[in-house]
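Here is a short report on one chain.

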Amino acid sequence: GYTAFQGDYVETDLTTTGDDTYCEDFVHCWFFGLWGAFMNNNQFFTHDVTILDIWNTARAHAIGRFLFDTLFYIIFGVLVLNIVFGIMIDAFADIRDRNREIEEDIHNRCYICNFDRDTLDRDGQGFERHVSEDHNMWHYVYFLVHLMNTPDTDYFGPESHIASKVLGDSRDWSFAPTNR
């Protein structure tokens, strides 16, 4: 755009440098082109000469400038922004899907033994009873808090064994009935 329409890139009220062009090089033209397209409602690099004046005096130049501005707007104003928005929407959809999977696990899997609702309903006495009575996760939490707050000398045999595994350096959770 800068090489073909260099005369169109003239100063209006963006700068007060005294220079009458926006574009000293490609980077300046790129910056002012993006600024004009996104911040100035695509009405950039306008001056006292109207599009009708350009059309009447230099029709080929006006057609070229129209095509250039339209392609610029389509490429950057539509395609690039839609790509960015598409990436953001896709990221939010992934987060929503992950949250839905977590919610399904919370409501359909035992937190302690990792058996699913169907297996426990079919082979056991029901998922709800299993989760609330057999493997109530809060009982395990209370037990671990009890182990952390009880002195080592006050442990019973099973408490001592589990505390040495869970609270020790190995962090061994093999006492939990995972998949059992």
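What covers the buried residues of α7?

## Model and conventions

This is a predicted model, in which local features need pLDDT of at least 70, side-chain atom pairs count only at pLDDT 80 or more, and totals for chains, interfaces and linings use all residues. Residues are numbered from 1 along each chain as its sequence is written, and side-chain values use heavy atoms, with hydrogens and water left out.

## Helix α7 and its cover

The cover of the buried residues of α7 includes α6 (137-149). Contact here means heavy atoms within 4.5 Å. Helices are DSSP runs of H or I with at least four residues, strands are runs of E with at least two, and both are numbered from the N terminus.

Helix α7 spans residues 157-166, and its buried residues are E159, I162, A163 and V166. These four lie on the same side of α7 because they cover an arc of only 105° around the axis. That arc is taken from the directions from the helix axis to the C-beta atoms. An α-helix has 3.6 residues a turn, so residues three or four places apart point the same way.

Buried means under 20% relative accessible area, exposed over 50%, and partly exposed in between (1.4 Å probe, protein chains only). S164 is also found in helix α7. S164 counts as partly exposed because its relative accessibility is 48%. S164 and L147 are 17 residues apart in sequence, and their C-alpha atoms are 9.9 Å apart in space.

## Nonpolar cores

A nonpolar core is a set of buried Ala, Val, Leu, Ile, Met, Phe, Trp, Tyr and Cys residues joined through side-chain atoms within 4.5 Å. The largest has 6 residues: L144, L147, Y155, I162, A163 and V166. Two or more residues each come from α6 and α7. Helix α7 gives the largest share, 3 residues.

I162 is in contact with F143, L147, L167 and F175, leaving aside its neighbours within four places in sequence. A second, separate core has 5 residues, including C110, I112, L120 and F127.

## The whole chain

The chain has 7 helices and 0 strands. From the N terminus on, its elements run α-α-α-α-α-α-α. Of the 180 residues, 22% are buried.

Among contacts with a separation of 6 or more, 36% join residues 24 or more positions apart. The accessible surface comes to about 13100 Å², with 60% of it belonging to carbon and sulfur atoms. These areas come from the Shrake-Rupley method with a 1.4 Å probe; for residues, only the protein chains shown count as cover.
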